[in-house]
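I opened the model and kept short notes on what I looked up. The entries follow in the order in which I made them.

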Amino acid sequence: MPRVSIQRRLIATVVISQLLLAIGLVGGSVYLNHRLLRRAFDNGLRERAMSVAALVRYSEETPPRLIFEADMVPPPLERDHPDMYQVTTLPGAVVANSPDWARASAFDDAGKNGYGDFNIAGVAYRGLRLQVPIFDREPDVHTNDILVVRYASPLDQVNREVLMAGVYTGIGTAILLLLGVAFAIWGMRRGLQPLAQLANGAALVSPSHWELKPGPEVLNTTELAPLTDAMRRMLDGLERAFNQQRDFVANAAHELKTPVAILKSTLQLLLQRPRTVEQYRAGLEQALADMDRLEKLLHAMLRLARAEQGSAANRELEVIDLADSCQNALDILAPLARERSIGVEITRDGATVACADAEDLRLVWGNLLENAIRYTPVGGVVRVRISSDGERARVEIADDGPGISAADLPHIFERFYRGDSSRTRETGGYGLGLAISKALIEAYGGKISAHSAPQHGTTIVVVLPLAQQPAEPALTLNASAANSAAVPERRS
Amino acid sequence: MRVLVIEDEQRLAQNVARSLREGAGYAVDVASDGEDGLFMAQSNEYDLVILDLMLPKLDGRSVLHRLRQSSSVPVLVLTARDEKESIVALLNTGADDYVLKPFDLGELLARCKALVRRGKGQSLPVLKVGNLEVNTADRSVQRDGKRIELTAMEYRVLEYLAFRAGAVVSKTELLEHLYDFSWERFSNVIEVYISGLRRKLDDTAQARLIHTMRGQGYILRN
């Protein structure tokens, strides 16, 4: 694709339109001039023919004779190509001839009055034939004789004038055209200046400086407002995504340091001095156990990364009964609950269903229930309440644990956030469970929030859009065999 | 020598403690949160404190700040943050050195030994008292150019005495600095090690180096 220039296109458009206008103007004015001058010429021709006719008089004799006062013929307008004329009577008797009339034989009037064009030796002439009564007559004395006047005059004067008028108009128009084009180019450049400014502003945007500062001229340009707005929105989105990714990478690298340090120190400790086979075996098993921890963290980070970038679109979703899904998650946690003698009560208001991936939901409930069970004092109760308001499903998971301090509460859904790390370290957490849950719930258009007061327990509230059809069989949004095979079915 | 490791990551604390015990022959106590760590550091005589920054209850920086109000024990900080500002701030708060996670255990050990040495006013890893040479790097002992084989505990007693050469060291001080909380302490055990050391070091041909100050303790001098 060749590069195109808006400025050049606009200038070309203006130049071409002005050129067309100029051609039209010059052409029109030449045509008009031509017509006007020809009309004037024709009138002059008629007047001169009439004046020649007026020179024909009757003599005083009887019967009177027609005489022509040749010496009263006006001098020729053009010396080189004088006018030519012939005056005859209607029957054909020649009354008078200009000296070179014979040359005008090319003038063919076909016996009718009127104008006609012809050439003599390459010179354009215009002739006129007209019939007039003899002016100098007395009604009682003379017969009513009619004269036929043929008069021809060269056209070159007129043509020259037409040409000159054309040339003057052309020159004037050309000057105006040049001025107009120059003005158009200047105006165009100035008009396109905000675009250049916008480009300069955009060039300054970088990962360390996301703000688009396009300058006042851009902001005051109506046409650029949608573009700048769109660019700003796009940059905002990019900045958020970029920062999220950067933070994630930084967090992940930071969080990986401790498990890596553990694994590395375990192996180095093993190599610190010669050991027995049993000691090496025990050391390697310890290293593997440390490795498991690293692997779990990696797995959790990948799950979070997938959940954060994944939307629910283009995935096979099922209509899931939330109480069943909670119960499934609880079944896996049953040993933990038994160990801590924690009772879990699930209450429901009828069937509450949502469209989601079963595995995702089980992961969310698993995370939330596990937290609740771990933080509830031994022998306590975790209450799960599932309800709906007709549009949205609501799941509340309440524990009577120590609660979360007001300082930590706004941050608990941030990845890798550990308010009091002793709590999560003991439970083997990485501060990712709630972040993963949040990302998953939001991918389904839901919301998750925490309500807590120290010593009064914590309630996590999940709100999800209700599924449209409370149908039992799986609702396939994007049915394909490959997709359905990719979703592992793991019921416990 | 006795070291306190304040580290909440249990596995890491275990590895560091074991490495210090095996690689340097130090007695090691472990505290798993900031409050415990501060209390232990203030109420015992440590030759070195290894401090993690991310700690529950009381973060490492606060531990360091409070510890420095009463103690000049060498402090080595374990950190995962490698930003200059935070390291500068740490050193200015009173840390003596730092290592970045994930660290090299050998390097950590060498730094610990160097800090202990510096804390005792020594700059060389080989301590000399008369014709006795105690090499703290490979934990070997020579007298008059001849290598002397010591048990681990004998070496630890001698190393401590060598660091404090010329000063009277009480049994209590030896117990404080040579045993961590997991050991039972009996002061007569020290006497056993001292007599063992005398037997190996001060053979009849040479001048005695370990002297008993009755009712006060021991002194290592030429």
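Entry 1. I looked up what covers the buried residues of helix 9 of chain A, and the cover includes helix 5 (277–309), helix 7, strand 13 and strand 14 of chain A. I took helices (H or I, at least four residues) and strands (E, at least two) as DSSP runs, numbered from the N terminus. This is a predicted model, in which local features need pLDDT of at least 70 and side-chain atom pairs count only at pLDDT 80 or more, while totals for chains, interfaces and linings use all residues. Residues are numbered from 1 along each chain as its sequence is written, and chains are lettered from A and ligands numbered from 1 in the order in which they are written.

I noted that 10 of the 11 residues of helix 9 of chain A are buried (20 or more other C-beta atoms within 10 Å of a residue's own; 12 or fewer is exposed, in between is partly exposed; C-beta atoms are placed from the backbone). Among them are L434(A), I436(A), K438(A) and L440(A).

Entry 2. Where does helix 9 of chain A pack? Helix 9 (residues 433–443) of chain A lies on the sheet and touches strand 13 and strand 14 of chain A. Its direction makes about 135° with that of strand 13 of chain A. For angles, axes are lines fitted to C-alpha atoms, for helices over the stretch in contact, and the values run from 0 to 180 degrees between N-to-C directions. I also saw helix 7 (residues 358–375) of chain A lying across strand 11 (381–388), strand 12 (392–399) and strand 14 of chain A, at about 25° to strand 12.

Entry 3. I traced an open sheet of 5 strands in chain A, with the order 9-11-12-14-13 and mixed pairing. Two strands pair if DSSP finds at least two bridges between them. Strand 9 (343–348) and strand 13 (447–452) of chain A each have a single partner strand, so one side of each has no neighbour in the sheet. From one strand to the next the twist averages 15°. Strand 13 of chain A and strand 14 (residues 458–465) of chain A run antiparallel and are joined by 6 bridges. I picked I448(A) and found its bridge partner, V462(A), in strand 14 of chain A.

Entry 4. I checked the pLDDT (the predictor's confidence in each residue, from 0 to 100). Chain A averages 82, and 90% of the residues score at least 70. Over residues 421–428 of chain A the pLDDT is below 50.

Entry 5. I turned to chain B, where helix 6 (residues 152–163) and helix 8 (residues 187–201) pack at about 85° with axes 9 Å apart. The two helices of chain B are therefore roughly perpendicular (65 to 115 degrees; under 35 is roughly parallel, over 145 roughly antiparallel, the rest oblique). Residues of this contact include V157(B) and L158(B) of helix 6 and I194(B) and L197(B) of helix 8. Contact here is C-beta atoms, placed from the backbone, within 7 Å.

Entry 6. How many residues of chain B are in contact with chain A? I noted 21 residues of chain B against 18 residues of chain A. Helix 1 of chain B gives the largest share of its side, 8 residues.

Entry 7. Is S72(B) buried or exposed? S72(B) is exposed, with 10 other C-beta atoms within 10 Å. I placed S72(B) in the loop between helix 3 (60–67) and strand 4 (75–79) of chain B.

Terms used
Contact = placed C-beta atoms within 7 Å.
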